[in-house]
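Open your viewer and get ready to select residues by number. We will walk through the model stop by stop.

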Amino acid sequence: MSKHYQVLARKYRPHTFGEMVGQTHTVKTLINALNANSLHHGFLFTGTRGVGKTTIARIFAKSINCEQGVSSTPCGKCATCIEIDKGQSVDLIELDAASHTGVDNMRDILENAQYMPTKNRYKIYLIDEVHMLSKSSFNALLKTLEEPPEHIKFLLATTDPQKLPVTVLSRCLQFTLQKLTHKEILGQLQFIMEAEGLEYEEVALSQIADFGNGSMRDALSLLDQSISYGNGTVMAKDIKAMLGLVHHDDILALATHLFNQDAEAVINFVRDLSHKGEDLTHALKDLSSLFHQISIAQIIDNTQISDEIKDLATQISNQDLQLFYHMAINGSNDMPLAPSEQIGFEMTLLRMLAFHSDVIDSTEKKTPKLASKLKNKATSKREIEPKVVQKIKSNIPQSTLKIESQQQWEDITKSLKFNTASRMLLKNTLFDSTDNQTLILSLDEQFSSLLTDNIQRAIQNTLQEKFGELTLAINLKKLKTQTLAQKETQASDEKIAAMQKDFLTDEGVQKLQQTFGAKVDLKSIKENIVSTEKV
């Protein structure tokens, strides 16, 4: 590596507001203030690491001290701008509060505040990680921060604003810098790779942007490492090898095994990943992310969602998917407590299999016989075969489509095994008509967001299992008749009202009210639902 090599985070640090990536609200406010020359004396920039706090402060320092005059577009060519860019300006005093926490350090600095700048328009104090100052240091700073000389500007930066005294916060204009989006980081990484003339794959840069977790500096540091690892290139296979990532296709395959309740395939798959030295903790996070994408695909018809994810969305119910996601998140938290990473990952996946509902026999909760499957593969295959036959037989239509009233339609809605999203939509529909295996329903306009292609397809598939080939048409209308959902809500409200009335007329309750002057919180009176479902 050349002795003149500069890390990417420093080489591509923005030097003007126009080069800033993200932080639009902060940049816009500062630009307007600079152009109007209405400058406050104290600014506080807060946000996580690597989002641009110090960078914005330095650009602001150039803007007010540029020899061309105060503006939001410093020239970058005058001696002052060059000195600030190089960190050599005598009138820009940068202080690391983490290493200058004592009150004596603060007093030494503030004693010089009364003197005019050596050569620039303003003397600027840039205090990084200001929350690290001691209580005495804050007290010493307060008076000067509240009423500084006209030639003084304070620029404070911190990653932990909660630790700052309210007295300091009230004396500064506070700007909260947000984490950068995946798109913003990816765009900057692509710009840098093209500027450097290096070969890359977009999927590899996308993975780096994900690992940046909203921090541009973290992403650029990883990009530096990736370029070195790939000998001047950034490829997906190199990122995977360098970080021990599990390939996206492997995560899709693992999810498929889970949805098919193939315990043996799941265990063997995890063991293969562990044998190859993959990062199983991150694999579990990738699995959680995949569950999120599948859940989105179940309720939103988005053309940007891949066909693989859309296909997986039809293989699992919304309830199971939410349960799996919850287990994956808890499994990530429990991973450090497990005897080994592999055991923690396996137990999380086995927990998902144990609580997966039985889509074949809906009268009982599924309890996979994992031990017998792992012990005897042949026996396992013989056990599965009758169930497949049973499922095929259950798909044979029992009757043709014949619905004549809203009550009949409501009975069908209650009896058939629709998934959660489908049932929610159907409860808000009214029966319109049937004609030659075509079912026409009316849906209230306010529930139009529920009417997606995925949900309508799932409803039609469930109906076809009962009535054979049919066509489902759902029209959006302003309904005037009560739907099943409205009837259930009304019945529930009436039941709760009756419970509240019975409670208020109870002699014991009335006596308590009279004795202690108490009032009954009616909202606390709810129906006691006792679940008899076995898990």
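Start by selecting arginine 49, which is partly exposed at 42% relative accessibility; partly exposed is the range between buried (under 20% relative accessible area) and exposed (over 50%), using a 1.4 Å probe and protein chains only. A salt bridge here is a side-chain nitrogen of Lys or Arg within 4 Å of a carboxyl oxygen of Asp or Glu. Arginine 49 sits in the loop between S1 and helix H3 (53-65), while aspartate 218 belongs to helix H10 (residues 216-229), so the pair ties together parts that are 169 residues apart in sequence. Helices (H or I, at least four residues) and strands (E, at least two) are DSSP runs, numbered from the N terminus.

Before moving on, a word about what you are looking at. This is a predicted model, in which local features need pLDDT of at least 70 and side-chain atom pairs count only at pLDDT 80 or more, while totals for chains, interfaces and linings use all residues. Residues are numbered from 1 along each chain as its sequence is written, and side-chain values use heavy atoms, with hydrogens and water left out.

How many salt bridges are there by this rule? The count comes to 13. For another one, select lysine 427 and glutamate 488, whose closest N and O atoms are 3.1 Å apart. Lysine 427 is in the loop between helix H21 (420-426) and strand S8 (429-434) and glutamate 488 is in helix H23, so this pair ties together parts 61 residues apart in sequence.

Next, select lysine 477 and aspartate 432, which form a salt bridge of 3.5 Å, N to O. Here two strands are involved: lysine 477 lies in S10 (residues 471-477) and aspartate 432 in S8, so the link joins parts that are 45 residues apart in sequence.

Now for the rings. Rings of Phe, Tyr and Trp (its six-membered ring) pair if their centres lie within 6.5 Å; planes under 30 degrees apart count as stacked, over 60 as edge-to-face and the rest as tilted. This rule gives eight aromatic pairs. Select tyrosine 12 and phenylalanine 191: their ring centres are 6.3 Å apart and their planes at 85°, so the pair is edge-to-face. Is tyrosine 12 buried or exposed? Tyrosine 12 counts as buried, at 17% relative accessibility, whereas phenylalanine 191 is partly exposed at 47%.

Then pick phenylalanine 45 and phenylalanine 175, a stacked pair with 5.7 Å from centre to centre and 25° between the planes. Phenylalanine 45 is in strand S1 (residues 42-46) and phenylalanine 175 in strand S5 (residues 173-176), so the pair ties together parts 130 residues apart in sequence. Phenylalanine 45 is buried at 0% relative accessibility, and phenylalanine 175 is buried at 8%.

For the last stop, go to helix H24 (residues 507-516). Of its ten residues, the number buried is one, so H24 lies largely in the open. Just after H24, look for glycine 517, with a positive phi of about 65°.

Finally, zoom out to the whole chain: there are 24 helices and ten strands, and 41% of the 535 residues count as buried.
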